[in-house]
Amino acid sequence: MNGLFVWETELAKKLITLNHISKSFGSQLVLDDLSLYINENEFITLLGPSGCGKTTTLRIIGGFETPDSGEVIFDGEDITKLPPNKRQLNTVFQRYALFPHMNIAENIAFGLKIKGKSRDYINDKIKYALKLVNLDGYETRMPDSLSGGQQQRIAIARAIVNEPRVLLLDEPLGALDLKLRQDMQYELIRLKNELGITFIYVTHDQEEALTMSDTIVVMNQGYIQQIGTPEMIYNEPENAFVADFIGDSNIIRSTMVRDELVNILGVDFPCVDKGFGENTPVDVVIRPEDVILSDKLDGRIQGIVSHLIFKGVHYEMEVQANGFEWLVHSTGFFPVGTPVSIDVIPFNIQIMNKPESEDEEALGIEEYA
Amino acid sequence: MRRTKALKKMLGLPYYLWSLFFILIPLGMVFYYGLTDRSGSLTFENIAAIVQAEHAKALFYALFLALIATAICLLLAYPLALILNTMRISTHSFTILIFILPMWMNFLLRTIAWQTLLEKTGVINGILSFLHLPPIHVINTPHAIILGMVYNFLPFMVLPIYNSISKIDRSIVNAAEDLGANGPQILLRIYLPLSVPGIISGITMVFIPALTTFVISKLLGGSKILLIGNVIEEEFTLTSNWNLGSGLSIVLMLFIIFNMILSAIFDKEGESNYL
């Protein structure tokens, strides 16, 4: 079952609701009237560039920051003012934050000891958690003798032994190298499925977000830009920011001639969008892999290849055509200087309303809040 | 190549000379006088003299007062260091400045100032009698000595502790909160164990000068209370028995070395380097 279905039909139970949250640090407004709900058993990712307010949102849910206004509802209860040690959720911190003076077993046992669990229970839990993160036998090691990836997994084990209903993860893979990061992504998905709890994940890495999430919340400058499944966010970006932030894209100022027809760089393209009115200025998003190149020159726009880079799976090319530099990903090879034609099928042309001003660009999708 | 090496060695020369003339030779003299009698023949009498009632009493009294002063400093400094740690940068620099400011003034002057404040007809009693309150008799008591020690040495306790607390990653404290720990539990399980190096260097830096002081006890304790520091001082200045003074100094040095070994074991990160 996919997240979109759950999200749109509201069959799933809302576990956490943020109502009109605002927060500033000094004179800097970090979150402005942010509203969001999170379903039970959802893997939700807050995605955005640094300074977009995603970590602050997570820290507000965790209880480490108090919002200036607005409320946090957890399972029907207002927890806005509840301190972190009283919340039914646990956090995996950015730099792991293992206790350096305790060994691995003591680190994992910390929360359980505080809760006064029995010795046998704690020992069982430590064994179970270490098995779950594939680090059996590490009980007596000290944190600083572990690699970054291992420390990360201990941080996760330390959080989940407390059986939280929600696990908050603050850029947990940020400090790991690429290969390890990819392995850990699969590990996290497996953990999420085995534990059956809600994951709230913060990252600036769009690939990470697309791989793991049921739902992605794209944020910028303290505002939510778009909420949706990874497919929705990638294929139907709501505005230029989302389109630009998620993957590479060609964003072109165009004119909507009428329903299902858009004029891009002086050439009419059939498309599938309706309801923008006639002769309306719009932004068009075309993903680089959706641009069809042909050296038979049978496409709608003619151009010349200006750059070519081999990327492994595909070639990345730049094509100068009608005064625009098109970014193209293609398995076909067209050397620099080759005259080519460009075409796009109607379904792959994504039309977005043009924001009138910068302010509106940030506020753009208020209807989602 | 050889020339630069020789040059580098030359640069160290002032420090070698300094260490030779102001540390090694004086230390050698202390040992020479301590281990000889007036005629210059080898003896352990000067060291054994510590067991004589008056000397032993002065040593134990000094240990006792220094321990109490160190304990009071620790109790005052730890909460203060915690508070400093939660302050914003601008306010905490100011607060630290307030604590360091008196250290820039002459130690003797500060102690004499306390003498003036505490005297029978001093400033404090003046204010008390003005308010029709009974006068206090603190001057020339052990209490006055402890007060002087705490006042003079408190910054040496605050700074190393603050230094080690401020090094504790904020996210570790957050993690403890996140796992359900309340304030006292965080203090006991996170702050205290992680600030042990600072506590140990703070204790060393207060205990050693408190143990060896003779100025504070002389100015605030009157002539009634003799600490080991006063005994040694008088052997040099009054009775001119350098041999006995040196012998007792060697004994005192043993206590200091013992304390410094302890501190070296626990303070691997060198918190005391902060000062």
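**Figure 1. Domain layout of chain A in the predicted model.** The centres of domain 1 of chain A and domain 2 of chain A, taken over C-alpha atoms, are separated by 39 Å. Domain 1 covers 3-235 and domain 2 covers 249-354; such bounds come from an automatic or database domain assignment. This is a predicted model: local features need pLDDT of at least 70, side-chain atom pairs count only at pLDDT 80 or more, and totals for chains, interfaces and linings use all residues. Residues are numbered from 1 along each chain as its sequence is written, while chains are lettered from A and ligands numbered from 1 in the order in which they are written. The C-alpha trace of chain A spans about 75 × 45 × 40 Å along its principal axes.

Figure 2. Chain A holds 10 helices and 20 strands. Helices (H or I, at least four residues) and strands (E, at least two) are DSSP runs, numbered from the N terminus. Of the 369 residues in chain A, 40% are buried. A residue is buried if 20 or more other C-beta atoms lie within 10 Å of its own, exposed if 12 or fewer, and partly exposed in between; C-beta atoms are placed from the backbone. Among contacts in chain A with a separation of 6 or more, 66% join residues 24 or more positions apart. Two residues are in contact if their C-beta atoms, placed from the backbone, lie within 7 Å.

**Figure 3. Helices α13 and α14 of chain B.** Two packed helices are described by the angle between their axes and the distance between the axes. Here α13(B) (residues 228-237) and α14(B) (residues 242-266) pack at about 155 degrees, with axes 7 Å apart. Axes are lines fitted to C-alpha atoms, for helices over the stretch in contact, and angles run from 0 to 180 degrees between N-to-C directions. The two helices are therefore roughly antiparallel to each other (angles over 145 degrees). The crossing of α13(B) past α14(B) is left-handed, meaning that the near helix is turned anticlockwise from the far one by less than a right angle. From α13(B) come B:Ile228, B:Val231, B:Ile232, B:Glu235 and B:Phe236; they meet residues of α14(B) including B:Trp242, B:Leu248 and B:Leu252. This contact has 8 nonpolar, 2 polar and 1 charged residues. Ala, Val, Leu, Ile, Met, Phe, Trp, Tyr, Cys and Pro count as nonpolar, Asp, Glu, Lys and Arg as charged, and the others, Gly among them, as polar.

**Figure 4. The contact between chains A and B.** Chain A contributes 16 residues and chain B contributes 15 residues. On the chain A side, β6 (89-92) and α3 (104-114) each supply at least two residues. The most come from α3(A), with 3 residues. By class, the chain A side has 7 nonpolar, 7 polar and 2 charged residues.

Figure 5. Most residues other than glycine have a negative phi. A:Ala97 has a positive phi of about 55 degrees. A:Ala97 sits in the loop between β6 and α3 of chain A and is buried, with 24 C-beta neighbours inside 10 Å. B:Ser240 also has a positive phi of about 55 degrees. B:Ser240 belongs to the loop between α13 and α14 of chain B. B:Ser240 is exposed, with 10 other C-beta atoms within 10 Å.

**Figure 6. A:Leu180 and A:Gly148.** A:Leu180 is part of helix α6 (residues 178-195) of chain A. With 17 C-beta neighbours inside 10 Å, A:Leu180 is partly exposed. A:Leu180 lies 9.4 Å from A:Gly148, C-alpha to C-alpha, across 32 residues of sequence.

Conventions. Parallel < 35°, antiparallel > 145°, perpendicular 65-115°, else oblique.
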